[in-house]
Amino acid sequence: MTLNFRSRQIWTIARLELRRVFFSRRSFWVYGLALFPLLIFVMQTIAVEYQKRTLSAVNTISPALMDSVREGERVEAVLERLGKPSRDREYSFRRRERDGEEEVRIHNRQLHYWDGQRRANLIFQEGVLQNIHIRQLVSIDLQRLMYNGVFHYYYLKLAIFFGCLGIFMNLFRGEMLDKTLHFWLLAPARRDVLLAGKYLAGLLAASVIFGTGAALTYGAMLWPVESAEVRTFFAGPALEQMLRYSAAALLACLGYGSVFLAAGLLVRNPIIPAVVLLMWESANGFLPAVLQKLSVLHYVQSLCPMPAPVEEGTPALVRMFLAPAPATSWPLAVLGLCSLTAAILYLAAQAVKRLEINYGGD
Amino acid sequence: MSAPEIVFDEVSKFYGEVLGVNRVSLRIPPGITSLVGPNGSGKTTLMNLMTGLVHPDRGSITVRGLSPRDPERLMRLTGYATQYDAAPRGATGFDFVATSLLLWGYEPREARQRAAEALERVGLTEAGHRKVAAYSKGMRQRVRLAQAVAHDPEVLVLDEPLNGLDPVVRAETIALFRDFAARGRHVLLSSHVLQEVDVISDQVVLIANGMVVAEGRIRNVRDEIEEHPSQFLIRCSGASRVASLLFERDHVSEIKVVDDRQGLLVMTRDRNEFAAALNAIALAGHTIESVLPADENVDALYEYLIGAQR
Amino acid sequence: MAVYKRGYQRYRGELTGRYTRLLALPRFVWPRLIEQRMILIVLIVSLFWPLACIGFIYVSNHSELWSGLGGDLGKFLQIDGKFFRYFMDTQAVMAVILAALAGPGLIAPDLAHNGLPLYFSRPLSRLDYVLARLFTLVALLAMVTLFPAFLLFAMQGGLAGMGWLTQNWRLPFGVFTGFTLHILLVSLVALACSAWVKWRTIAGALVVGFFFILAGVAEMLNNVLEVTWGILLNPAQSLYTVWSAMLGVDAGEGPGAWACVAGLAVLSALLGVVLEKKLRPVEVIS
């Protein structure tokens, strides 16, 4: 049998599998995962438009006036100087200053002002200005930071991770559960050809779904920004950044896909490898440099235009993900991930050669 | 040219601590061969072993000279209708057969044509465009058979292929097997419906508890089991008298007079002695119209060989 | 011999009660769950943190062991709401992992093998079946949540005296109520996932994914839309807020405990709907 014949077989297998991965009802949740951030950015666009209208409707102050506010000022003085706020909110809460002491009630007041571009959030405690938060309602830099966070924490660590878990585990383990795997094993194709065909199908599907999702979300992220700002951004780094995010998504699919495909062949229960990998990827930043390179996330994050942001006060469950890896140069990152993937696929090929039909066990 | 036999050489397969098959040695020539045994005896394991779906722990298998570990070549000449529905979710019968032909390497147009022909052979042309999920049990059997024969294999392996078929379709299916066998091909099927394999098989392999307890042509198998009493139906006049003469012989263990009193059902432990005794009775002037073996079917062998082990 | 000739008679003895009858299912399942190596490992690992907490309680109540060390150690070694919240946080994660391993096998195989008609042909209603499965899982999860909590309180009460318990009565109340809410919710999630996807291995992954993905979605909502109500979509964070309120500890920004309780109630109702839709005594031919 020639290489050409085997390549055609790989493509035939991939084509048949692709139809299943793209259009089966079981895959719809993956679309949901990939497109959910898009929905959120659309919601943000609507929210920003709404806020602009409501803030402008009451009072727009000059930027200089907004910048003149200082901490420690009394609320009455601020109101007199800046005029009616766009929003005025009062509330109180109880707080215990020290353990064992009585709780005290604290009165808070928040005033919002708007200068046409920026929004000031002034927080008064017992009538004295404690915190000043001035920020643009929306700006390209803020949006990029936000997208970067979404990409690192949502796409890479959640959506692509669990999406690939679903897609690639289904290729062999799912067929075993459906009692249909023998259909493929009885074809006149080498087992490694079958593996390659199925992996290709999974990779194409995952890359298209998550690559498109990430790119569309990138576009949606720019919606609320002023069009002039967007034009300047597109004249600059926008396309390169989008490409790098898409490449990172593709490489994440490549790496996680190989891991989950191999896991689907080597173990019966996907929870165990999934949890182990999740822990490994999260703890990766704390490991020695050599071990760090045995992680998919390490290489993928190196391709992103910006490193993963680290925030304080993140909930316990999410905190598990926060383990930024030191960056590697992009050619090395691509090479490293491809080598890692090749090694895992080699292991998977050995496993698929030993694979036996045992439907009763599941 | 590949060797035209399927050879199992001291093959053993264990599923953990559970025995699949143990030290099976077989040489299966072309023709229709039936694997017969009770549920869990190892029939499907043997079929899975020879098609590479499971691998032996010991021993070796060749199918017309090819190893089951080489699916690329083996499955080109083998078609296997398993007991499981292999059709992908939502696939029609036609899609199912055509898809498998694409995997065989046929061009889409050729695959569609062959799929249509295969479905026609099993009488599913009209139902071909309905989803397999909506098929009856018998239709599923037939679509699996269509998939197995669509690429015109040299070796056809069928796991309980006659289950759930109505009499007409069963007859057509058996004719299909015979057609394959007549062209020098292997048709290997399993069944526990003994009567149906009795009449269609060229050879039979009896399995119990993972071991082959008998193999060969039904008559040859019978000959191997000399200890087993044989039963004959004798049509004769003066049945009572013939019965009393036969009872004088040591090898005759039981005689029943049939209801019309024109015949006897005789159980003997020695066929040769029995033949000599009948000769002597005939020469003594008694009319013996016919002598027929009464238990030369798989059922009787099955009961004798593996009944005790069930 | 034909069945009718055997002279069978219907059972005329006393029947077990409606609710004790439900226990037949957990009684059958528990030994099989414990036999699973991974479940046993997780159960054992789940005891490490309670053991460490017991050690902490012991040290905190024996000031002679550390009084010479000086510093602010006394404050650090205090047994208060924060201590129990740390204890709950860790045990809650273990409960999720345990539910992901044990839960999917409770319903998925029955659906995959068309076993439900068999159950419902017994004197069991759909509600009985769900309650029995829920009880199976709740009892298992209680082994890593409620029972260790009980041990901690027994130990702290024994060492610090009844005065401590009287003074801190809201702590045991908070821990037991919080854990009960948690294991009920986690069990419901595990059962709903099990019923939704039918295959136990996939359902297991879904249980883990459910908590992690919702946490990510909530965080994303909060950051992009600059709101705090996103945590209502994150059951783990909502439970954290409820526990914190019950233990009298600050939970940080976001909706209050009652809003979180309402969010959790809506989520539970949705999970109930999934179970109601999926658990039907029909045979699926595919």
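**View 1. Gln44(A) sits in helix H2 of chain A.** This helix runs over residues 28-58. What you're looking at is a predicted model, here and in the views that follow. Gln44(A) has a relative accessible area of 4%, and since anything under 20% is called buried, Gln44(A) counts as buried.

**View 2. Now for the contact between chain A and chain C as a whole.** Chain A puts in 35 residues and chain C puts in 28 residues. Together they bury about 3000 Å², with carbon and sulfur atoms giving 77% of that area.

**View 3. Arg135(A) and Glu226(C) pair up across the two chains.** They form a salt bridge whose closest N and O atoms are 2.9 Å apart. The count of salt bridges between chain A and chain C is two. Polar contacts, with both residues at pLDDT 80 or more, come to two residue pairs between these chains.

**View 4. Here's the side of chain A that touches chain C, element by element.** H2, helix H5 (140-178), helix H10 (271-283) and helix H13 (316-319) of chain A each give two or more residues to this side. H5(A) gives the most, with eight residues. Sorted by kind, the residues on this side of chain A are 24 nonpolar, three polar and eight charged.

Methods:
Residues numbered from 1 in each chain as written. Chains lettered and ligands numbered in written order. Predicted model: local features only at pLDDT ≥ 70, side-chain atom pairs only at ≥ 80, totals over all residues. Heavy atoms only, no water. Helix = DSSP H or I, 4+ residues; strand = E, 2+ residues; numbered from the N terminus. Buried < 20%, exposed > 50% of the residue type's maximum accessible area, 1.4 Å probe, protein only. Contact = heavy atoms within 4.5 Å. Buried area = accessible area lost by both parts, 1.4 Å probe. Salt bridge = Lys/Arg side-chain N within 4 Å of Asp/Glu carboxyl O. Polar contact = N/O pair within 3.5 Å; in protein donor to acceptor, adjacent residues only side chain to side chain. Nonpolar A, V, L, I, M, F, W, Y, C, P; charged D, E, K, R; others polar.
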